[in-house]
Amino acid sequence: MKKKVHDLIDAPSNSWNINLVRQVIAEDDVELVVNSKFAINRSDSVIWGLAKNERYDSKSGYKLLNGHLKEIGEGLHVDPGESHLWSKPPVSWVKCNIGSSWDSSSLFGGAGWIIRDAHGKALLHSRRSFNHVLSAVQMDLMALAWATSAVVDLKLKNVIFEFSSAEAAMIIQNPLLSPFNYKNCYEILRSVQAIVRSKLQLVSVTSNNAASAIAVSVTRDLRHHSFPPPPARSPSTSAKMKVVAAFLLAVLSGKACPTSADIKVILNSVGCETEDSQIELLLKEVNGKDVAELIAVGREKLASVPSGGGGVAMASAPSAGGGGGAAPAEAKKEEKKEEKEESDDDMGFSLFE
């Protein structure tokens, strides 16, 4: 049920009902509301508080959006690039170079990005086509929005985004310069803020050649079919085993019930990073269980797994005196029985699960 202003006022005390205000107003704005004056005899009405005449206009609307974007992008800025050649990112970081291209006659655009590690090795790359793009700078911002969103989906950390559009950099830092591109600016800032340790960096065109070449191939060769980046992968088996190994090392060091912090200390000591969810899942699974018993159960399961070299039953040669057909028949019957027992047992688990 929607509440009006008069529903939030305690009539006997002629003051705000703070409990009700907290239920419908964001916590950051509660103090602003309860400190504002009201006329109890005045009927409720809808007004636009950002304009003097209390009516909405596009100018005040853009101011509101600009303030919202500045709040999202607080502490985020575009670093000016100095080098004219591409350089490798620091150890444990990756660089995502983003390029774009635009054909003014057909309003057809292309975007491309490539991610490389501290050794300069290309890890991932992708391209995409866009239709009905009205300007080159719009294409630049659309490429940035698409690429940063893709990196969020890939769940990467420590990412430096490099691009070479000075006009796009100016608009990102001051969205009021191009209200038409508010949506793209919002998506760029939101994505970059969502990535742990990331930043935007303006670089020269020559240091962004690889990504630009991918983007140009879209408009030059009319590649209307894009190839997407690979889907985000679940944590690998090796990553899970590192968490298990760290847990066991903590137990061996004398901690009967290792905590998440204990496991992280061990992993960080050897430069391993892992998701908190993996650690929490392991601690949940072993909670209240004896580690020695778990290891013993695991050994029993391993012992039940066949290691190959299955025997073959050999029938003896029939005697010359006749009646030799009974032995082969009996052997075949025994062999079928053994096969059935093996298939029925299945060792308590499926190899295809």
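Q: Residues count as buried under 20% relative accessible area, as exposed over 50% and as partly exposed in between; which class does Ser15 fall into in this predicted model?
A: Ser15 lies in strand 2, residues 15-16. Its relative accessible area is 29%. Because that value falls between the cut-offs of 20% and 50%, Ser15 is classed as partly exposed.

Q: With which residue does the side chain of Ser15 form a polar contact of 2.8 Å?
A: Beyond its neighbours within four places in sequence, Ser15 is in contact with Ile9, Asp10 and Phe38. The polar contact of 2.8 Å joins the side chain of Ser15 to that of another serine. That residue is Ser13.

Q: Which residue of strand 6 is the bridge partner of Arg116?
A: Strand 5 (residues 108-116) and strand 6 (residues 122-130) pair in the antiparallel sense, with eight bridges. The two strands form a hairpin with five residues between them, and Gly120 in the turn has a positive phi of about 85°. Arg116 belongs to strand 5, and its bridge partner in strand 6 is Ala122.

Q: At what distance from the ring centre of Trp86 does Arg116 lie?
A: A charge sits over a ring only if, among other conditions, NZ of Lys or CZ of Arg is within 6 Å of the ring centre. Lys95 lies over the face of Trp86, at 5.6 Å from the ring centre. Arg116 also lies over the face of Trp86, and its distance from the ring centre is 4.0 Å.

Q: Why is the pair of Trp113 and Trp146 classed as it is?
A: The model holds one aromatic pair. The ring centres of Trp113 and Trp146 are 6.3 Å apart, and their planes meet at 50°. Planes under 30 degrees apart count as stacked and those over 60 as edge-to-face, so the pair is tilted.

Q: How many residues apart in sequence are the parts that the pair of Trp113 and Trp146 ties together?
A: Trp113 is buried at 0% relative accessibility, and Trp146 is buried with a relative accessible area of 14%. Trp113 lies in strand 5, whereas Trp146 lies in helix 4 (residues 136-153). The pair therefore ties together parts whose separation in sequence is 33 residues.

Q: Which strands are among the elements that cover the buried residues of helix 7?
A: Helix 7 (residues 209-220) has 12 residues and reaches 15 Å from its first C-alpha to its last, close to the expected 16 Å. Its buried residues include Ala211, Ile214 and Val218. The elements that cover the buried residues of helix 7 include strand 4 (94-103), strand 5 and strand 6.

Definitions and conventions. Residues are numbered from 1 along each chain as its sequence is written. This is a predicted model: local features need pLDDT of at least 70, side-chain atom pairs count only at pLDDT 80 or more; totals for chains, interfaces and linings use all residues. Side-chain values use heavy atoms; hydrogens and water are left out. Two strands pair if DSSP finds at least two bridges between them. Helices (H or I, at least four residues) and strands (E, at least two) are DSSP runs, numbered from the N terminus. The expected span of a helix is 1.5 Å times one less than its number of residues. Buried means under 20% relative accessible area, exposed over 50%, partly exposed in between (1.4 Å probe, protein chains only). Contact means heavy atoms within 4.5 Å. Rings of Phe, Tyr and Trp (its six-membered ring) pair if their centres lie within 6.5 Å; planes under 30 degrees apart count as stacked, over 60 as edge-to-face and the rest as tilted. A charge sits over a ring if NZ of Lys or CZ of Arg is within 6 Å of the ring centre and within 35 degrees of the ring normal. A polar contact is a pair of N or O atoms within 3.5 Å; within protein, one must be able to donate a hydrogen and the other to accept it, and residues adjacent in sequence count only if both atoms are side-chain atoms.
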